[in-house]
Amino acid sequence: MKRVQVQYFALLREQAGCSEELVETAAPTPGRLYQELGARHGFSLPVDRVKVALNGEIAPWDAPLEDGARLVFIPPFAGG
Amino acid sequence: MFRITPLPLNPDALRGELLDGRAGGYVSFEGRVRSRNEGREVRALEYEAYHELAEKEGDRILAEARQKFAILSAACVHRVGRLQIGELAVWAGVTAEHRDAAFAACRYIIDEMKARVPIWKKEHYADGGLAWITGGENRTDSERKM
């Protein structure tokens, strides 16, 4: 198991009920972790409408998930 | 310089930071909260940003604009928090020796900002509804979940 820090914004923050959490997981990738957390929190957005930032930069869903990683799940945005 | 701020934007002050004697032209874009969206009456907007990535991506966009266009300076500031109708949500400004580059660069910055900078807005409607705006028609109604 590894421990990762997950941060949420906007719709995902509301659905998760928190803006960040420390998660223990065996998920090998951010994609698998999103599915895991989505099942727990009831995320309505499918993975193809969300992006992930790993340690502060957008990363592929199948990037390796290391112990101590910082993740941000990014729902579709619309500034301006 | 790209900035996210919870404070009201002051276009005169922002313009003053950009202008100098070389600038023959100055173009800005001011995005304001409007009272209707897709047929619904809007009361207020709530903006939220992922600061770390938003400021990095915003600075990259400004650097690209300086490379692509013959401009002297460029800046963009986006506000976060709860905004009322008519309040300024985003400001982008560009100076150049000549107007063509200034117009093109300003357009580039605001378009790329909307597409690439992680900032969200939630509309508060006159009828009491709420919705996170997710770009185009991809609206996700919070109220549907509740």
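In chain B, Ile71(B) finds its bridge partner in strand S7, namely Ala96(B). That bridge belongs with the pairing of strand S5 (residues 71-79) of chain B and S7(B), which run antiparallel and are joined by seven bridges; strands count as paired if DSSP finds at least two bridges between them. Strands here are DSSP runs of E of at least two residues, and helices are runs of H or I of at least four residues, both numbered from the N terminus. The model is a predicted one, where local features need pLDDT of at least 70, side-chain atom pairs count only at pLDDT 80 or more, and totals for chains, interfaces and linings use all residues. Residues are numbered from 1 along each chain as its sequence is written, while chains are lettered from A and ligands numbered from 1 in the order in which they are written.

S7(B) also has strand S2 (residues 25-32) of chain B as a partner, antiparallel again, over eight bridges. There, Ser28(B) is bridged to Gly93(B) of S7(B). S7(B), residues 88-96, is mostly covered, with eight of its nine residues buried (20 or more other C-beta atoms within 10 Å of the residue's own; exposed means 12 or fewer, partly exposed in between, with C-beta atoms placed from the backbone).

Val94(B) and Ile71(B) turn up again in the largest nonpolar core, a set of 64 residues, being among those that touch the most other members. Such a core is made of buried Ala, Val, Leu, Ile, Met, Phe, Trp, Tyr and Cys residues joined through C-beta atoms within 7 Å. Beyond its neighbours within four places in sequence, Val94(B) is in contact (C-beta atoms, placed from the backbone, within 7 Å) with residues including Val27(B), Ile71(B), Ala105(B) and Ile109(B).

Buried in H2(B) are Ala54(B), Glu57(B), Gly58(B), Ile61(B), Leu62(B) and Ala65(B). These cover an arc of only 140° around the axis, so they sit on the same side of H2(B); the arc is that of the directions from the helix axis to the C-beta atoms. Ala63(B) and Gln67(B), on the other side, are exposed. Cover for the buried residues of H2(B) comes from elements including S5 and H3 of chain B.

Notes. Contact = placed C-beta atoms within 7 Å.
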